[in-house]
Structures are given as C-alpha cells and as structure tokens.
Amino acid sequence: MNVRKLHNDKFDSKKAAKVGLDASLKVSIIPDDEVIDLRNLVRDYYYFKDLQSAVVLKLTAELKVSFPAYRKVFSKVTTKTSLKLLDAYPLAEDLLAAPKETVVETIRSTARFGEKYALARYDALRTAAEDAAIFGRALKSNSVRIRLYIDSYREYQKRLDTIMEAIHATVDGLKDSPVYGRILLLQSLRGVGFMSAVVLVAEMGSFDLFPSPKKLYAYFGLDPAVKQSGKFNGDKVHMSKRGSSLARRILHMVALNNLKVDKGSGMPVNPVIHSYYADKCKAKKKNVAVGAVMHKICNIIFAMLRDNKPFEVITPQEHCKRYLAAHPDKVQSAA
C-alpha cells in the first residue's frame, strides 16, 4: 500500500480501514469450540513435554560427569526406580555408603520385578559407583542439581498427566460428533495412536475445508517452497513449513513408525510405505525420502477422512484395480 517507511497511528488506522474495505479478502473460518479446546490442550501438552525433555537432557549431562556408568544400569534414567534412587543417593559415594538391604528393598518395591532383579540391579549399581570413584568427578553442587532436575521432571509430569486427563475428557464429550469418528478412524493407520490422532484432527480444524490433498499438505507446510525468477529455477527446494509445526512433528513420527522393521519376523511394519521409501532412497537423500513419506501419509490421511474408511495395506497396483472397478467410465475414456 505504501513504500515509504512511515509508522504512526493516523497512517496505521488508514491502512487498517483499507484492508477492511477490500472485498477480495475472505473471512476467516474459526473451528468449533470443541476443536479449539483440543488444539489448546495438545499444544500445551507438547509445550510441557519439550520442557520435560530439556530437563532430562540436563540430568543426563550431569550424570555423565558425576556418575558416568549409571546410565547403563537402567533402560532409562527417568524410570520410577531410577529417579527414586537418584533422589536418595545422587552421588556415587552416597550409594556406596548406603546399606545393601535398604537399596535392594527400594529397587524391589519400586520396580516390582522380584528379589532376583533387585539384587542384579544393586550389583550393577555398585559396580557403576566404584567406577565413578575413579573416572567420575562429583562435587557438592552435583547433588543439588540432580535433585533439582528430578523435582522439575516430576512437576512437569504432574502437569502432563493433568492435561492428558483433560484431553480424554474432551474427546469423550465428542462421541456424537464427526470429530470423534475421525479421531477413531485415524488410529487405524499404522503408527498413529490416540494422541497423534487428536493432534492431527485438532490442528486440521474442519476437514470439510480441504477439497483436495494438496490443500491439506500445504496447510501442514509439507509443500515445497518454489524459487523461480525469470530463467532461474531453484533446484534446492525445501518444505515451506508455513503451517502447523506440531502437525509436521506428528507426521514425521508417523512416517518413522511406518518405516520400522519388525525385529522378530524381519518384515516391514508397512511394506508398501517401506518399498516407497526404498525407491526414493535410490535417487534422494534419506531425509528427503522421509519427507516424501510424510507427504504420502498425508495423502493417505486425506483419503481415509474423505471416504470415511479405515486404513488398509494395499499395493498401488491393487489400488488402481479397485479404483477402475469402481469407476468404469474412467476405463472407457482411457480407451
């Protein structure tokens, strides 16, 4: 509207008035209150989840210095047994000074795996503590910081549990609405759990606003950013990332889950998606191929919600046969 670097109340109000008079602007469509409630809750959930993850990184970094071998004793530093032991014995010297019976009873009562498991974990902890006496460097501040991180982790977990209860209550209150059916429908897709389905539906808003899959993945920011001017065509294009970062985060997780291989059978969890990914990797980098998988999964989600049908693993060839059988007019026009 103006190329001058001008900013004052009179000029800004004039610009706002001109925008209001522009008939070409479309009115924003606000989702239903229930969907906005879900959107607010899931965004708060992942906000606190990220804060909690940052605390876990701090705790792990602290243990690397003061108690290096501790991280090998438990599958996760943040298990209930691990946090209870660290709260009671934050330093290796504290664990070595503690009575064996007390430590074993703490492990047995928290882990509930029996006496044999508790004794095995105690021996591993004892070995790790003796190793820390040689290779670790523990200060008094380490003890304070470790307990502080544990308290923060537990506090964030309480908030996450409260938000999760509110999410379940909100979803249960939508049982007679299309939103509830879409949440259930998305959970039929491999790698999509309750929380992932809620996030996708909440971030999507109203599905009826998307007439084509291109509209949906552009809304999620999965569309490529085009760089073109005159005869120049940029070949190093990336995702526009203009939409919901939380939705892209969930789609990325779903893509990775669909690319997993079952350890027992050695077969892919989703053979069609895995085959598609392998073909893309022949000419593209792995992260680019994962982006293509996210794009394909977004198309699948659109088809599921459009047709109101649960996910089914079928090959592209079988999909074409079914489509032509359901649309015989397409066969005649092609002939």
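Begin with the whole protein chain in view: of its contacts (heavy atoms within 4.5 Å) with a separation of 6 or more, 64% are accounted for by residues 24 or more positions apart. The model is a predicted one, in which local features need pLDDT of at least 70 and side-chain atom pairs count only at pLDDT 80 or more, while totals for chains, interfaces and linings use all residues. Residues are numbered from 1 along each chain as its sequence is written, and side-chain values use heavy atoms, with hydrogens and water left out.

**The whole chain**

Colour the protein chain by secondary structure, and 15 helices and two strands can be picked out; these are DSSP runs numbered from the N terminus, with helices being H or I of at least four residues and strands being E of at least two.

Switch to a surface display, for which the accessible area of the protein chain comes to about 21300 Å², with 55% of it belonging to carbon and sulfur atoms (Shrake-Rupley method with a 1.4 Å probe; for residues, only the protein chains shown count as cover). Of the 335 residues, 34% count as buried, where buried means under 20% relative accessible area, exposed means over 50%, and partly exposed lies in between, with a 1.4 Å probe and protein chains only.

Selecting the charged side chains gives 55 positive and 35 negative ones, and the centres of the two sets lie 9 Å apart. Here Lys and Arg count as positive and Asp and Glu as negative, with His and the chain ends not counted, and the place of a charge is taken as NZ of Lys, CZ of Arg, CG of Asp or CD of Glu.

**Two loop residues with positive phi**

Go now to Arg112, in the loop between helix 5 (100-111) and helix 6 (115-135). Its phi is near 60°, a positive value in a residue other than glycine, and Arg112 is exposed, with a relative accessible area of 70%. Then move to Asn308, which is found in the loop between helix 13 and helix 14 (316-326); Asn308 is not a glycine either, yet it has a positive phi of about 55°, and at 58% relative accessibility Asn308 counts as exposed.

Select Arg182 in helix 8 (residues 178-186), which counts as buried at 19% relative accessibility. Leaving aside residues up to four places away in sequence, Arg182 touches Val201, Phe207, Asp208 and Leu305.

His295 is the next stop, placed in helix 13 (residues 286-307) and partly exposed, with a relative accessible area of 23%. With residues up to four places away in sequence not counted, His295 touches Tyr217 and Leu222. A distance drawn between the C-alpha atoms of His295 and Met239, which are 56 residues apart along the chain, comes to 10 Å.

Asn258 is found in helix 11 and is buried, with a relative accessible area of 0%. Its contacts, not counting residues up to four places away in sequence, are with Arg190, Gly191, Asn270, Ile273 and Ile297. From the C-alpha of Asn258 to that of Ala17, 241 residues apart along the chain, the separation is 50 Å.

Continue to Gly264, in the loop between helix 11 (245-258) and helix 12 (271-281), where Gly264 counts as exposed at 75% relative accessibility. Gly264 and Ala111 lie 153 residues apart in sequence and 27 Å apart in space, C-alpha to C-alpha.

**The cysteines**

To close, display the cysteine sulfur atoms. A disulfide is a covalent bond between the sulfur atoms of two cysteines. With a disulfide taken as a pair of cysteine sulfur atoms within 2.5 Å, the count comes to zero. Cys281 is in no disulfide, and the nearest cysteine sulfur, that of Cys298, is 20 Å away. Cys281 is partly exposed, with a relative accessible area of 25%, whereas Cys298 counts as buried at 1% relative accessibility.
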